Every structure is written in structure tokens, then in C-alpha cells.
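Open the model in your viewer with the sequence panel beside it. The stops below can be selected one after another.

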Amino acid sequence: MRGMEIERKFLMCGFPELPETARAEMRQGYLCTSPVVRIRSKRQAGRETYRLCFKGEGTLVRQETELELTEEQFRELEKLLPAPMIRKERRLYRLPDGHTLECSRVDGGEPSEFFYAEVEFRTEEEAAAFLPPSFLGREVTEEPGWTMAAYWEKKKNGLDGPKT
């Protein structure tokens, strides 16, 4: 379980040329997008975990509650999804200021493929004070349509994903 999520989101053209601290492969789907109810499997370092996530309204700041699922629970919920799961390849990097940069390649190899990055913060003040490295692309934190739930809706309806 978490609490408040405070993060800024940026578009990317690819993974940055930085030393990685971790990699993960994820699949996620949405049981509902308003409010957001998501399931996700994450494979990292040979171990797979499963989560159910609820997200509140907001962009920079929003409520996020995550619950662990068993593989069996995840598979049962996956059967309820109206579209194929989103595939994400995530790489983590340590920024010089100590923050973690989470970069994701979404649906790699598909026409809707795109890259984005997120940086999470402890407070809104910390988020406001963050100076993004020059290699980060356009910030889309407050732009409508740049959530993964919005991408899911486009994918579910057969529309192309975001264009950077």
C-alpha cells in the first residue's frame, strides 16, 4: 500500500545513455479508467510480482493505493480485461541530484510505441524545485491524455497511441 503519489512525467526519444540501476518487464491492464483500477505484473531480477492499483484524480499529485495479488488472482482479473495488456520495458537510473529516473518503453515494436520518463518526489515543493536534466523531453505532467489509463483507452478503442 502507498499513499500520495507525487511525480512529474516527460516524453523521451529512447532510453538515456546513463548507467542503469535496475530493469523490469511489466504488463498492465485497466479494469476501469475512471476511477483508475489497474492490474500489473512485474518481472525483475527473475522474480514476478502482481499488484492491483487504485489511483485517484490528479496529475502531479494523486492518491495511489496498491495491493499485492497472487498469480491466480491476477490471472482471474486479467480475464476481465477488454483489450490486450500494455507491455512496458522499464529501466531505472540514478540522477546526479539523487532522484530516481524511471524510463519506460511502451508497447515496443508496435506502431503505438513510445518512451516516457517519470521522477517521483516526497513533497510538492520538491517536485516544483526539480530541474530536469537537458536530455529529458517535453514535460507532460499537466497535459491531458498523457496517463497510461488514457493510452489504454486509445489502445482498447483501436486508436494510435501518443505521438511524441
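Which strands does H3 lie across, and at about what angle does H3 run to S2? Select H3 together with the strands: H3 lies across strand S1 (4-12), S2, strand S3 (36-44), S6, strand S7 (100-106) and S8. H3 runs at about 60 degrees to S2. Axes here are lines fitted to C-alpha atoms, for helices over the stretch in contact, and angles run from 0 to 180 degrees between N-to-C directions. Contact means heavy atoms within 4.5 Å. Helices (H or I, at least four residues) and strands (E, at least two) are DSSP runs, numbered from the N terminus.

This is a predicted model, in which local features need pLDDT of at least 70 and side-chain atom pairs count only at pLDDT 80 or more, while totals for chains, interfaces and linings use all residues. Residues are numbered from 1 along each chain as its sequence is written, and side-chain values use heavy atoms, with hydrogens and water left out.

**The barrel**

Colour the strands next. Eight strands form a closed barrel in the order S1-S5-S4-S3-S2-S6-S7-S8, with antiparallel pairing. On average, neighbouring strands of this sheet are turned by 35 degrees against each other, direction ignored. Two strands pair if DSSP finds at least two bridges between them. Strands of a sheet pair through backbone hydrogen bonds, either parallel or antiparallel.

Select S1. Eight of the nine residues of S1 are buried, where buried means under 20% relative accessible area, exposed over 50% and partly exposed in between (1.4 Å probe, protein chains only). S1 pairs with strand S5 (residues 61-69) in the antiparallel sense over three bridges; Met 4 has Gln 63 in S5 as its bridge partner. S1 is also joined to S8, by six bridges, and these two strands run antiparallel.

Move to S2. Strand S2 (residues 20-33) and strand S6 (residues 86-94) run antiparallel and are joined by eight bridges. Select Met 26 to find its bridge partner in S6, Lys 88.

What does Thr 33 contact, leaving aside its neighbours within four places in sequence? Select Thr 33, which is in strand S2. The contacts of Thr 33 are Ala 149, Trp 152 and Glu 153. Thr 33 and Ala 149 are 116 residues apart along the chain, yet their C-alpha atoms are separated by 5.7 Å. Thr 33 counts as partly exposed because its relative accessible area is 25%.

**Aromatic rings**

Show the rings of Phe, Tyr and Trp (its six-membered ring); they pair if their centres lie within 6.5 Å, and planes under 30 degrees apart count as stacked, over 60 as edge-to-face and the rest as tilted. The count by this rule is seven aromatic pairs. One of them is Phe 114 with Tyr 151, edge-to-face at 5.2 Å centre to centre and 70 degrees between the planes. This pair links distant parts of the chain, 37 residues apart: Phe 114 is in strand S8 (residues 114-120) and Tyr 151 is in helix H3 (residues 148-156). Phe 114 is buried at 6% relative accessibility, and Tyr 151 is buried at 2%.

Select Phe 10, Phe 121 and Phe 130, which form one aromatic cluster.

Then look for charges over rings (NZ of Lys or CZ of Arg within 6 Å of the ring centre and within 35 degrees of the ring normal). Lys 9 lies over the face of Tyr 116, 5.0 Å from the ring centre. Arg 91 lies over the face of Phe 15, at 3.9 Å from the ring centre.

**Salt bridges**

Finish with the charged side chains. A salt bridge is a side-chain nitrogen of Lys or Arg within 4 Å of a carboxyl oxygen of Asp or Glu, and the whole structure has 24 salt bridges.

- Arg 138 and Glu 143 meet at 3.0 Å, N to O; Arg 138 is partly exposed at 40%, as is Glu 143 at 29%.
- A network of salt bridges that share partners joins Glu 20, Arg 23, Glu 89, Arg 91, Arg 105 and Glu 113.
- Within the Glu 20 and Arg 23 salt bridge, N to O is 2.7 Å.
- Glu 126 and Arg 122 form a salt bridge with the closest N and O atoms 3.8 Å apart; Glu 126 is buried at 18%, whereas Arg 122 is exposed at 71%.
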